[in-house]
Amino acid sequence: DLPADLAGHRVLITAGGTREPIDPVRFIGNRSSGRQGSALAATALARGARVTLVSGEVSVPPPAGAEVVPVGSAREMREAVLAHSAAADAVVMAAAVADFRPAETAAGKIKKTGAGPEPVELAENPDILRELSAERARPGQVVVGFAAETDDVLANGRAKLDRKGCDLLVVNEVGDGRAFGTEDNQAVVLGADGSATEIPRGPKEDLADRVWDLVAQRIPEGGAA
Ligand code: C5P
């Protein structure tokens, strides 16, 4: 039986990868499939939540019933998240947001000149998770981040949780084909309260349900104010 513990709550989920434009036809992207975000949306819907899915580039369709807000770049994702976060009791940031973008987007397609390529200068993107955690749109709102770490998973995860200021950080161990684009996922969820919850390897839906268990425990009675 599915718990209806998210009934009456609205959740905001980010999914997929951002695309940072170099010129009108080229971008810097990443390998995020959007599967974990989609699984989070599907399981939240099944538990009774109303779901807003801010979606970057994904290779899986969103679940029926989610309100989908499509975005391209990290800065567009930031605008969409800020516009929709005030209504959310919980925000789960599963998107792979590019840390850097081309400092300038060329107005026209960059051409070969014969003089060799021009370097692409990069600028830092806003950290949406950190901003959202620092300026909660509603008191009691639960903010969840994801992190992919290749080494010192727990120590790096704990440091990232502190840096971001979120309530929960889902730390995936990546590398060797794990997590990105795969069906299965395994993680440890670190809490700002010092907790650490191991989630064994399994389908992304199972990980999503365990994340919602932890979120549901933290949403105040009656929802975020
Ligand atoms: O710093 P790092 O990219 O490892 O952090 C990952 C977490 O932060 C994810 O939840 C991601 O959605 C979020 N993030 C963000 N804005 C950025 C970079 C990451 O919200 N510019």
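A salt bridge here is a side-chain nitrogen of Lys or Arg within 4 Å of a carboxyl oxygen of Asp or Glu. By that rule, the structure holds 14 salt bridges. The model is predicted.

**Salt bridges**

| Pair | N to O distance |
|---|---|
| Arginine 78 and glutamate 79 | 3.0 Å |
| Glutamate 131 and arginine 78 | 2.8 Å |
| Aspartate 89 and arginine 138 | 3.8 Å |

Start with arginine 78. Its side chain meets that of glutamate 131 in a salt bridge. This pair ties together distant parts of the chain: arginine 78 sits in helix H2 (residues 74-85), glutamate 131 in helix H3 (residues 128-134), and 53 residues separate them. Arginine 78 also forms a salt bridge with glutamate 79.

How accessible is arginine 78? Its relative accessibility is 22%, so arginine 78 counts as partly exposed. Glutamate 79 has a relative accessible area of 48% and is partly exposed too.

Next comes aspartate 89, which forms a salt bridge with arginine 138. This pair also links distant parts of the chain, 49 residues apart. Aspartate 89 lies in the loop between H2 and strand E6 (90-93). Arginine 138 lies in the loop between H3 and strand E9 (142-149). Are these two residues buried or exposed? Both aspartate 89 and arginine 138 are buried.

Elsewhere, salt bridges join into a network. Its members are Asp5, Arg47, Asp209, Arg210 and Asp213.

Eight strands make an open sheet with mixed pairing. Their order is E5-E4-E1-E6-E9-E10-E11-E12. Strand E5 (67-70) and strand E12 (196-203) are the edge strands, and each pairs on one side only. From one strand to the next, the twist averages 20 degrees.

Within this sheet, E9 pairs with strand E10 (residues 168-173) in the parallel sense, over six bridges. Glutamate 149 has glutamate 173 in E10 as its bridge partner. Helix H1 (residues 35-46) packs on the sheet. H1 touches strand E1 (10-15), strand E4 (50-55), E6, E9 and strand E11 (184-191). The direction of H1 makes about 165 degrees with that of E1.

**A nonpolar surface patch**

Which residues form a nonpolar patch on the surface? They are Ile28, Phe100, Val120 and Leu122, with about 340 Å² of accessible area together. Isoleucine 28 belongs to strand E3 (residues 27-28). Isoleucine 28 counts as partly exposed because its relative accessibility is 31%.

Terms used:
Residues numbered from 1 in each chain as written. Predicted model: local features only at pLDDT ≥ 70, side-chain atom pairs only at ≥ 80, totals over all residues. Heavy atoms only, no water. Buried < 20%, exposed > 50% of the residue type's maximum accessible area, 1.4 Å probe, protein only. Helix = DSSP H or I, 4+ residues; strand = E, 2+ residues; numbered from the N terminus. Patch = residues over 30% accessible without salt bridge, like charges linked within 9 Å, V, L, I, M, F, W, Y side chains within 5 Å. Areas by Shrake-Rupley, 256 points an atom, 1.4 Å probe, with all protein chains shown as cover. Pairing = 2+ DSSP bridges. Axes fitted to C-alpha atoms, helices over the stretch in contact; angles between N-to-C directions. Contact = heavy atoms within 4.5 Å.
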